[in-house]
Amino acid sequence: MANNPGAKKAIRKIARRTEVNTARRSRVRTFLRKFDDAIAKGDVAVAKAAFVEAQSELMRAVSKGVVHPNTGSRKVSRLAARLKKLDKAAA
């Protein structure tokens with residue numbers, strides 16, 4: 001348990017940051033889910049739009065420190081590969 005004022009303040013700050021980061025992570029997952037749904041339906045146009053949004057949201061999470069930069073890049077790369085595969089199959 002925190003005994004001094006600095007430690008108590010740190011606990012309050014951590015609680016606020018945790019709440020914000022949780023919301024950001026949830027937002028990223030929502031956009032990833034929208035992309036997955038578009039891929040599952042096989043609609044290339046919707047998938048491309050969902051990819052742009054998901055990529056943007058992932059990179060925003062990286063810039064905010066919620067996701068490690070390598071993790072963000074890896075996920076975007078895998079999303080792009082799935083989109084490319086769908087695009088080739090549709091063509």
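Read along the sequence, the protein follows the pattern α-α-α, with three helices and zero strands; helices (H or I, at least four residues) and strands (E, at least two) are DSSP runs, numbered from the N terminus. The model is predicted, so local features need pLDDT of at least 70 and side-chain atom pairs count only at pLDDT 80 or more, whereas totals for chains, interfaces and linings use all residues. Residues are numbered from 1 along each chain as its sequence is written, and side-chain values use heavy atoms, with hydrogens and water left out.

The C-alpha atoms fill a box of roughly 65 × 20 × 15 Å, taken along the principal axes. Buried residues (under 20% relative accessible area, 1.4 Å probe, protein chains only) make up 26% of the 91 residues.

Leaving aside neighbours within four places in sequence, Leu79 is in contact (heavy atoms within 4.5 Å) with Leu32, Phe35, Phe51, Ala54 and Leu58.

In helix 1, the buried residues are Asn21, Val28, Phe31, Leu32, Phe35, Ala38 and Ile39. Their cover includes helix 2 and helix 3. Helix 1 is followed by Gly42, whose phi is positive, near 80°.

Technical notes: Buried < 20%, exposed > 50% of the residue type's maximum accessible area, 1.4 Å probe, protein only.
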